[in-house]
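Biologist: Can we go through the pockets in this one? Put the structure up and we'll start.

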Amino acid sequence: MSEPLPPIYFVRHGETEWNVAQRLQGQLDSPLTPRGLEQARRNAELLGSTLRDVSGFTLVSSPLGRARRTAEIIGETLSLTPSFDPRLVEIGLGEWDGLTFDQVNAQTPGAWNRSNLDGSLFSAPGGETFDSIVERLSECLTELRPPAIVVSHGVAMRFLRGLFLKLDRPGIFGLQPTRQDGVFRLLDGQVDFLEPEPIAT
């Protein structure tokens with residue numbers, strides 16, 4: 001029998017100012033909030049306590065600023081130098097990038113609906129297609145050499161998890177949302193979620 005592959009850990013960037021404002025970031029950017037910086041630090045500490053020995057691990061991130069800053073915090077904590085792969089960027093939302101949910105729905109009533117994320121994401125004028133995001137993320141996942149830590153975005157990481165699990169389109173959109181306060185571990189064909197201690201409020 002072949003040896004099981006080493007694990008891959010997926011980390012979403014910390015909370016951003018546009019997350020709080022319910023503004024679609026897509027492939028635009030906004031800074032991490034103080035809470036987002038704390039989420040990144042706690043996720044870095046969680047990885048450190050879970051892995052203990054990170055020798056042999058690579059740290060790969062989307063180059064967008066919110067993911068880059070999160071990866072830098074993880075790298076500083078674990079003494080890893082991040083590299084950046086443009087295929088890990090968030091889904092492009094075309095003319096909707098930078099708009100709030102309300103602004104999208106003011107333009108086209110009902111166009112943004114979290115209960116129909118599949119339909120909403122791929123309704124954006126000039127936005128990325130389903131096939132396009134699958135192609136770039138499949139290629140990235142195939143080339144990734146575990147053990148690895150990957151920092152990316154909410155929708156991109158939903159697709160990465162779904163592709164790892166070999167899910168179809170409804171299966172991908174049936175996955176739990178990609179949280180910012182924890183780490184997804186991919187190992188032996190399974191995905192589980194690790195949580196740090198909650199942030200005091």
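Biologist: Which helices each supply at least two residues of the lining of the largest pocket?
Modeller: This is a predicted model. In it, helix H1 (17-20), helix H5 (117-121) and helix H7 (154-164) each supply at least two residues of that lining.

Biologist: And which one gives the most?
Modeller: H7 does, with three residues in the lining of the largest pocket.

Biologist: How much space lies in the largest pocket?
Modeller: About 530 Å³. The lining has 24 residues, and the closest to the pocket's centre are Arg-12, Asn-19, Arg-114, Gly-154 and Val-155.

Biologist: How do the residues of that lining divide into nonpolar, polar and charged?
Modeller: For the largest pocket, 10 are nonpolar, eight are polar and six are charged.

Biologist: OK, new topic. What volume does the second largest pocket have?
Modeller: The second largest pocket has about 350 Å³.

Biologist: Which residues lie nearest its centre?
Modeller: Leu-5, Ile-8, Leu-141, Phe-164 and Lys-166, out of 17 residues that line the second largest pocket. Two or more lining residues come from each of helix H6 (130-143), H7 and strand S5 (183-187).

Biologist: Which of those gives the most there?
Modeller: H6, with three residues in the lining of the second largest pocket.

Biologist: And how many of the residues in that lining are nonpolar, polar or charged?
Modeller: The lining of the second largest pocket has 11 nonpolar residues, three polar and three charged.

Definitions and conventions. Residues numbered from 1 in each chain as written. Predicted model: local features only at pLDDT ≥ 70, side-chain atom pairs only at ≥ 80, totals over all residues. Heavy atoms only, no water. 1 Å grid on protein atoms, 1.4 Å probe; cavity = no way out; pocket = protein on both sides within 12 Å on 5 of 7 lines; lining within 4 Å. Points joined across faces, edges and corners; volume = space filled by probe spheres on them. Helix = DSSP H or I, 4+ residues; strand = E, 2+ residues; numbered from the N terminus. Nonpolar A, V, L, I, M, F, W, Y, C, P; charged D, E, K, R; others polar.
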